[in-house]
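The sequence and the coordinates come first.

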Amino acid sequence: MGRRIMEWAARSDYMGGIPRKMVIMAVGGLAKAAVSLLNNTTVHNADTLLRLVRSRPPGVPLVTVSNHMSTMDDPLLWGFKGFPITDAKLSRWALAAEDICFKSSMLSYFFRLGKCIPIIRGGGIYQEHMDEALERLSEGEWLHTFPEGKVSQEDAPIRRLKWGTASLIARAPVTPIVLPIVHTGFEQLFEVLDNDVNKQRHSCGRTLSIYVMPENFYRGKRPPFPLWNKNIKIIVGEPMELDLPKMRQMAMCLSRNISHPTLGWPSTCPGGLDEAAQRCLYIAISEKIQNVMETLRTFARSFSKSKDQNLC
């Protein structure tokens, strides 16, 4: 086993769980204030997410996947009214970029208490902390991932997904429930008149995007706090049906006709799939998730446009 960053701080029994509860309650309270009080938030199909977070079958893990529009997506995604964001026991585990969230001992300690697992971007699907994520799934926990792998605030189709999430789904001892989520409307549209930001007014014409947490807000920097009085929409999909035994068989058949340079992956996938078959399997799972997320994105986009037209 390789080095795991402050794994001891991520344990539920660390100091009786008190530091974890304090961090999650504090961050959750701020997220709820930002999303439920300072902004206008609409959640589609929230009951499905709430049901799966609160009352899954015993031992069955949950994997939620979403697009990634800002570094504050998590925890803001869970700040809507009625969601138990301050409950440390129900709180999600999340994959977090090591180069952002674990740059120092203080940050590492904080994010570990917040149930975050450090991931080295570009480190591959068999890096040490991916095994830690698998352990959480084997315990029936909830794991959230951003399978696009990086932030994008462009109004564009869902990008090709990284294979990490697919590998976790395929390698988990118990097949997780996979729930796609897409958030949109993080941006409000304003018309800027005479290049004077003090003369902004709502318009359905020429526009400039202002985000709840824009990556480029002032001189290429994001704002220190989330903006307010914006319209946020969170679209929760339905649990995906992934017939993994069938998908594994299909992957084995397809891999016989494909040749790729090997990366030295172990045959640890259920069924003992070789590296070529694993590639085919992870591609198939990723494409299926991507297609569902794109369907949700299209729905959210058309829904937002219809609302904007009504305002005009």
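Which residues have the most contacts inside the largest nonpolar core, and how many residues does that core have?

The model is predicted. Its largest nonpolar core has 39 residues, and L168, L242, L281, I285 and I289 are those with the most contacts inside it. Two or more residues each come from the strands β2 (62–66), β3 (93–97), β4 (116–119) and β6 (177–184), and from the helices α6 (128–138), α7 (164–171), α8 (244–255) and α9 (275–311). The element that gives the most is α9, with nine residues.

Another core, of 24 residues, lies apart from the largest one. Its members include L52, L76, W142 and I181.

## Strand β6

How many of the residues of β6 are buried? The strand is mostly covered, and eight of its eight residues are buried. I177, L179, I181 and H183 point one way from β6, while V178, P180, V182 and T184 point the other way. Residues on both sides are buried, H183 and T184 among them.

Two pairings of β6 can be described. With β2 the strand runs parallel, and five bridges join the two; in this pairing T64 stands opposite L179 of β6. With β9 (231–236) the strand runs antiparallel, joined by four bridges. Here I181 stands opposite V236 of β9. I181 is also one of the residues of the 24-residue core, and it points the same way from β6 as L179.

## Surface patch

L37, L38 and W228 form a nonpolar patch on the surface, and together they have about 400 Å² of accessible area. W228 sits in the loop between β8 (208–211) and β9.

Is W228 buried or exposed? W228 counts as exposed because its relative accessible area is 60%, and the cut-off for exposed is over 50%.

M15 is exposed, since its relative accessibility is 53% and exposed means over 50%.

Technical notes:
Residues are numbered from 1 along each chain as its sequence is written. This is a predicted model: local features need pLDDT of at least 70, side-chain atom pairs count only at pLDDT 80 or more; totals for chains, interfaces and linings use all residues. Side-chain values use heavy atoms; hydrogens and water are left out. Patches are made of residues with over 30% relative accessible area and no salt bridge: like charges are joined within 9 Å, nonpolar side chains (Val, Leu, Ile, Met, Phe, Trp, Tyr) within 5 Å. Accessible areas come from the Shrake-Rupley method with a 1.4 Å probe; for residues, only the protein chains shown count as cover. A salt bridge is a side-chain nitrogen of Lys or Arg within 4 Å of a carboxyl oxygen of Asp or Glu. Buried means under 20% relative accessible area, exposed over 50%, partly exposed in between (1.4 Å probe, protein chains only). A nonpolar core is a set of buried Ala, Val, Leu, Ile, Met, Phe, Trp, Tyr and Cys residues joined through side-chain atoms within 4.5 Å. Two strands pair if DSSP finds at least two bridges between them.
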